[in-house]
Amino acid sequence: MPQDDATTTYGIPAAPVATAATTVGSTGFTANWNAVAGATGYQLDVYTKTAGINASDLFISEYIEGSSNNKAIEIFNGTGSDVDLSVYSIKKQSNGVGDFGGNLVLTGTLANNSVYVIAHSSANQTILNKANQTIGSSPLDFNGNDAVALYKNNIQIDVVGIVDQTANWGKDITLVRKSNILNPTISYSINDWDSYATDTFDYLGSHTFDGGTTNNYLNGFENKDVGNVIYYNLTGLNSSTKYFYVVRASNDAGTSENSNEIWVTIGAAASTYTGTGNWSDGSNWSNGMAGENTNVTIEGFVTVDDIYTCNNFTIAPTGRVTIPETVNQQKGLWIKGDFLIRSDATGAGSFIGIYDQDLNWNYEVQGTTTVERYISGASYAWHLISSPVSNQAIAGDWIPTSTGYDFYAWNEPTQTWLNQKVSANNITHFIPCKGYLVAYEETGATKTFTGTLNDGAQTLGLTVSGAASYYGSNLAGNPYPSSIDWKGNNNAIDKSKLVGYNASEGVKHYIWNDASGNYGVYSDANAGDAGTNGANRYIAPMQGFFVSAASNGSFLINDSARVHSSQAWLKSGNNYEFRLCVNAPQGYGSDELLLEFGHNVSVGSAEKWFSFVPTAPSIYSPIEDKKFSIRYLSIQDETLTIPVSFIAGVDGTYTLTANFASSTYSAIKLEDKITGKVHDLLLTPEYSFSANKSDISERFLLHFTVTYGIENLEENADIQIYSYGNSIYLNNNTDSETLVSVYNITGRQIYQDRVGAGSQHTFTINAPTGLYIVKALTGKSITSRKVFIW
């Protein structure tokens, strides 16, 4: 597992993440953004826009070949939108001969109407102060007869200089693209450039462009210093006007690049939906049911029950939105503005909207779709994540330049983590249905996915070619902006290539829980919804998870797997669930063991995945040479002993806590083989003990006596049937005599008796240990119960 020993040194801050405007009224709004580590202040731009002709792509806007190593290339973005630079590169033709080479891949995101400067690393300080990227070799070692070209996806789109000419054409000169040149071209013409004397640097760092969209800044709001805050209230604005804002972070080291751009229409009504119901339920709206010019915020659970239109559409972290598929009636949502799904420490908004071929559209977004992903935990906490949008670049705030980060993809054949920082690994974009491992130095950060939401069937290729402990382990990811149900119908998730498919042990998924310092696991054969260490039936949006492949093939998730879920909704399981949690001293993590009684057969379900954090504790139940985090026990296992192994990550005092339904057990004893103590968990479900890293792992035994059948005691007000040992108890509270019959599992009657009206009766069954059926027949009804006899 990757480690990072870097120390914190704050340079120029990272670009902030601007978030949706709030308190939008007829003459003002509040601009918002997220805090940036190391920032001591923020600068805000607020403006309107005048549309013009946008450039078709990025182009070279300036060329400097000066004295010594004063060399620079400037790239301009006049496309009207921010551009991911990871698919762009610079190459040169050396001495006017041969192919272009010296490929330099650009990094980061270039905002609209902004420039990106690549400079020689030994240029003078005036140039370096404006450089976004430096290099001391090719292609920034041109000397006057080297044409320089801009490439996109390794295809040339622009050039400065005469190709295939060995004579100098660009020595000791500064060339600035004329302002009326609107697009890149692979045909160089000196008439497209203004020429300046050697070492002219006055134009570097900005570019005048006659086309494109013009920003009209509000008076006093171009680079306005708003102090060290994360919001700013604007008033006195024009109604029915569309405003834009970006923000930059600053400190003594300098100022960041622009944030993402946010727009808001002044004068648009705003209404918030709370509660649960249909869109048409007017009482759930704070300002009346939303119309086509309304900025909508969903804080409750809403179903779109007709076709509706709104302006901006925001799903709060508590919000759930469903646009159901229909055949006879169209139901859909047209979003004229931007679509934002929020995320914070409390959770993430959830959206289920599915493109329907017959209806042509289920929802449509005219503006930009953004999904937030809040990064919880301490600095450099590890998270498994996935993308809910297609073609999301791993750029911008996903790979900050001013604070530390780690970003990895898992490679099953080699059993290794591939570092995104190594260019040869070619980790440039999120792949839908694939998971990634990330950690960030900054705490409480909110990352953003932007683009088209994934829907329809999503597929991950599976490999089984690795070796060692994690043979066949593939890192998948929830590809949707909603949870998926791991126990859904068979068509929802195709698990046919996964270990445990159609087997009593079930198919498992594993997540990483950084708070516990351990992997959690859940099996679709579990009786309840909760697994260990936070893993459960519902895989959260943007959650990465491991699956174990039995063979090469595909892992497919369909739209029908999508659900809205919340931890608060999780069932604890049936009455036969027993959970043992160990907590380490001084916050060094925790771990869980889950036992489920009442299954058809006894089997180890989910094997233990050991933590890559050496100080984390481990608890599991061994069966022969395997170690299990989840075990199933059959209904025949009424009195039994379960071995429990424990490994300490640090020396100290640990606490075991048992969680169970007390009515299910007549005895639960925990035997500590090191101290010789036997602790009654029925009386006190907590047990504290001292442990050292050098202790033997085979430390505990759990002794159970399970009373199957007791849970049926209160189910019938007239006739109550339950069992204990080889005795069956029947309370007849009816006014009729009752005929009682007992059958074995083959259907053969083994006992019969009569119980008078309003009486109680106990009868002993001399039969082998096992499951039996008791039927009580009156003149008015028949009551059946399953009981366990031993």
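Biologist: Which residues of strand S21 (residues 262-265) lie on one side and which on the other, and are they buried or exposed?

Modeller: This is a predicted model. In a regular strand, side chains alternate between the two faces of the sheet. In strand S21, Ile262 and Val264 are on one side, with Trp263 and Thr265 on the other.

Biologist: In what sense do strand S19 (residues 242-251) and S21 pair, and over how many bridges?

Modeller: The two strands pair in the antiparallel sense, over 4 bridges. As an example of a bridge, Tyr245 has Ile262 of S21 as its partner.

Biologist: Let us turn to rings. How many aromatic pairs are there?

Modeller: Two rings are counted as a pair if their centres lie within 6.5 Å. The count by this rule is 56 aromatic pairs. Among them is the pair of Tyr63 and Trp169, with 5.3 Å from centre to centre and 35° between the planes, which is tilted.

Biologist: Why does Trp193 count as buried?

Modeller: Buried means under 20% relative accessible area. Trp193 counts as buried because its relative accessibility is 4%.

Biologist: Which residues do ring pairs link into a cluster?

Modeller: The cluster includes Trp382, Tyr408, Trp410, Trp417, Tyr470 and Tyr510. Trp512, Tyr519, Phe546, Trp609 and Phe612 also belong to the cluster.

Biologist: Which ring face does Lys49 lie over?

Modeller: Lys49 lies over the face of Phe244, 4.4 Å from the ring centre. Likewise, Lys608 lies over the face of Phe610, at 5.7 Å from the ring centre.

Biologist: Finally, which residues does Ile773 touch, not counting residues up to four places away in sequence?

Modeller: On that count, Ile773 touches Ser741, Val742, Tyr743, Arg785 and Lys786. Ile773 lies in strand S67 (residues 770-777), and is partly exposed because its relative accessible area is 24%. Ile773 and Arg785 are 12 residues apart along the chain, yet 5.8 Å separates their C-alpha atoms.

How values were computed
Residues numbered from 1 in each chain as written. Predicted model: local features only at pLDDT ≥ 70, side-chain atom pairs only at ≥ 80, totals over all residues. Heavy atoms only, no water. Phe/Tyr/Trp six-rings, centres within 6.5 Å; stacked < 30°, edge-to-face > 60°. Buried < 20%, exposed > 50% of the residue type's maximum accessible area, 1.4 Å probe, protein only. Lys NZ or Arg CZ within 6 Å of the ring centre and 35° of its normal. Contact = heavy atoms within 4.5 Å. Pairing = 2+ DSSP bridges.
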